[in-house]
Amino acid sequence: MQGWPSLSLCALRTKKGQYMSMKVQIPLMANESDDHLGFIHEMGVEYVSLFLKYEELSYENIMKEKDRLQKFGITISDVACLSLQKNKKIILGLDGRDEEIEKYNHMLSTLAKTEIPYTSVAWQPNGILRTGHKATQLTRGGISSYADMEEILKRPLADDRIYGEDEIWENFKYFLDRVIPVCEETGVKMALHPNDPPVPTMAGIASLIHNTETFKRAFALANNSPALGMKMCIGCWLEGGDAFGALLEDIKTFCAEDKILCVHFRNVSSPMPYFEETLAEDGYANMYAIMKQLVASDCNATISIDHAFKGRESMGGMLGSFAYPTGYLKGLMHAAEIELGKRTYPSF
Ligand SMILES: [Mn+2]
């Protein structure tokens, strides 16, 4: 075993006593245009989360992207593969799960060879559940997603039968037992995202992560290995409100334990049972207070706008819709760093 701290992949870990800003990140697909990459560079965004299909997950492809991105001053902070990170066979323990876990491990080995520090996992076999997408008063015409839990909790079984809590956790353990050794061997970590919306069960399938306690249970099940970290989805915490956990306290705790690999910076109109996704400045939470807690806790994870409004094709599509909220995020981060004395200027 190569061990953790000696690996160059661990460069994203906290260096004690030395403050490092969070790494602002934007999602990216493969083979985007020079204009697209130039636009990211102009925003001063230096990290991207690269989304690849399983067929694209090769050493050659990742190195090609890395080299190209380097010319724009952009680093790949992590690689995500949606078909593996929310894999129904693995999560529900269906026939063929061993082959899918094998693929996941192959991905980890490929990421190690290309020096990508982490990838994603989300125990959501049917993805994020929302009632729909619409323009609301809070979005000024922007199309955003909303959830009415009264409607979502009435939905029929999403799969062939009910999958209860014990079974879901057993399947997670089965996955961890086969994947954690590969993470530990290669130094590539996994960032676990909560179930969204965070309720104990939806459409007949128990949720793995729907509050702070279940996150702690997952880390304990992984024997607290650094291989398993979290995506701290502020949006999910806010959707759950007090039922999820004490957000500011949780930020402090999980930063101290070095568990946060990625922060999803997102606000919503109110806690469940009904919420709409909003810009950071329009939701119910004081996002500056949350940002200040991240900065005060020396969080050095990557941080990104989780979901933006639906992109307008003539306005740059998805990247266009990410630009404004990402700038707002950077503004809040810099203001918090100045207020807390972590960012200084020579003359003013
Ligand atoms: Mn999220």
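## Cysteines

C255 has a relative accessibility of 12% and therefore counts as buried (under 20% relative accessible area; exposed means over 50% and partly exposed in between, with a 1.4 Å probe and protein chains only). This is a predicted model, in which local features need pLDDT of at least 70 and side-chain atom pairs count only at pLDDT 80 or more, while totals for chains, interfaces and linings use all residues. Residues are numbered from 1 along each chain as its sequence is written, and side-chain values use heavy atoms, leaving out hydrogens and water.

How many disulfides does the structure hold? The number is 0, a disulfide being a pair of cysteine sulfur atoms within 2.5 Å. For C255, the closest cysteine sulfur belongs to C299 and lies 4.1 Å away, which is too far for a bond. C183 is also a buried residue, at 0% relative accessibility.

## Cis peptide bonds

D196 and P197 are joined by a cis peptide bond, with omega about 0 degrees. P197 lies in the loop between β7 (189–193) and β8 (201–202); strands (E, at least two residues) and helices (H or I, at least four) are DSSP runs numbered from the N terminus.

Another cis peptide bond links M272 to P273, where omega is about 25 degrees. The loop between β12 (267–268) and β13 (274–278) contains P273.

## Positive phi angles

Most residues other than glycine have a negative phi. N223, which is not a glycine, has a positive phi of about 50 degrees. This residue sits in the loop between α8 (212–221) and β10 (228–233) and is exposed, with a relative accessible area of 69%.

D258 likewise has a positive phi, near 60 degrees. Its place is the loop between α10 (247–256) and β11 (260–265), and at 27% relative accessibility D258 is partly exposed.
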